[in-house]
Amino acid sequence: MEKVYDVTAMGEMLIDFTMNGTSEQGNGMFEACPGGAPCNVLAMLNKLGRKTAFIGKVGKDQFGRLLKSTIEEIGIETKGLIFDEEINTTLAFVHTFPDGDREFSFYRKPGADMMLSADEVDYDMIRKSKVFHFGTLSMTDEPVKTATKKALEAAKEAGCMITFDPNLREPLWRSLEDAKTAMEYGFRYCDMLKISDNEIRFISGKEDYDEGIRYLQEKYHIPVIFLTMGKEGSRAYYKDLKVERAGFSVKAIETTGAGDTFCGCAINGLLKYGIDNLTEEALGEILTYANAGAALITLKKGAIRSMPEPSRIEEMIK
């Protein structure tokens, strides 16, 4: 089948409410930022000139309509986006601490993103994509869990490159065992894994990152693993290679979307170089570019509308 899209992503699209000062009465004010990890990744890929498509579900409400028009505006194909007649769009309130770190309060019991069923998925869109991208939030509950598994089967059969960012959000799981199981399910399918420092500790039980990654490589034979370490930078593991690049130092306002920006840049790099014979040089270049992109997005609130311009990324690297 002809590949029409560079990347199709499936999963949650939601509104991130981020703190934005206080009112005259002293009440905290929130800004409604379109978000959801899989879509954030696509937004970055779009900035890099890639053709992208999204599969997911939002509520038939103001927020759902806002999300659809937002991603249409930036050029993401929305024909795989379904409106739920009953359940509202998922909301996440982001509480930011002074150091830029954050915690989430989710309004998702249930949220529309969980309600995507296997028969609502546009499998042809997946087959027509070079890359299929997903995370674990679409595996917390049925029916979207089954939909994700069927989508993965379709992607595998169609020979798509499968990219996975577990994006662990502990409050959304009934138990951490369930979260582990979903992550392990993803590891079995993916060609590229993007994992953060806290996630590798969580899944491998090892303090040392290299040991944790080795455990994953030996058990699941994942071709390429990107490890993000916040402001410390990132590492790439490929066959016998391990490449590390330092992060860029910026005064972060909030870190929402940094991992997704990194992920979008990394997928773009794999589309550019291919996954079969990556060199140390190519991996280093991918890491530096992705680190710069991730640093730049922490200077703005929200994610989908805040993706850095490639020209800014180039400048930062220089």
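This is a predicted model: local features need pLDDT of at least 70, side-chain atom pairs count only at pLDDT 80 or more; totals for chains, interfaces and linings use all residues.
Tutor: Residues are numbered from 1 along each chain as its sequence is written, and side-chain values use heavy atoms, with hydrogens and water left out.

Student: Why is Asp6 called buried?

Tutor: Buried means under 20% relative accessible area, exposed over 50%, and partly exposed in between (1.4 Å probe, protein chains only). Asp6 has 10%, so Asp6 is buried. Asp6 lies in strand β1 (residues 5-10). Strands (E, at least two residues) and helices (H or I, at least four) are DSSP runs, numbered from the N terminus.

Student: What makes the pairing of Asp6 and Lys130 a polar contact?

Tutor: A polar contact is a pair of N or O atoms within 3.5 Å; within protein, one must be able to donate a hydrogen and the other to accept it, and residues adjacent in sequence count only if both atoms are side-chain atoms. The side chains of Asp6 and Lys130 make theirs at 3.1 Å.

Student: Why is Asn277 called exposed?

Tutor: Asn277 has 62% relative accessibility, so Asn277 falls in the exposed class. Asn277 lies in the loop between α8 and α9.

Student: How do you know that α9 is largely enclosed?

Tutor: Of its 18 residues, 15 are buried, so the rest of the structure largely encloses α9.

Student: What span is expected for α9?

Tutor: The expected span is 1.5 Å times one less than the number of residues. For α9 (residues 280-297) that gives 26 Å, and the helix reaches 26 Å from its first C-alpha to its last.

Student: Why are α1 and α8 called oblique?

Tutor: Angles under 35 degrees count as roughly parallel, over 145 as roughly antiparallel, 65 to 115 as roughly perpendicular, and the rest as oblique. Helix α1 (residues 37-47) and helix α8 (residues 258-273) pack at about 50°, with axes 8 Å apart. The two helices are therefore oblique to each other.

Student: What makes the phi of Lys239 worth a remark?

Tutor: Most residues other than glycine have a negative phi. Lys239 is not a glycine, yet has a positive phi of about 50°. Lys239 sits in the loop between β12 (234-238) and β13 (241-245). At 57% relative accessibility, Lys239 is exposed.

Student: Which residue is joined to Pro110 by a cis peptide bond?

Tutor: Lys109 is, with omega about -5°.

Terms used. Axes are lines fitted to C-alpha atoms, for helices over the stretch in contact, and angles run from 0 to 180 degrees between N-to-C directions.
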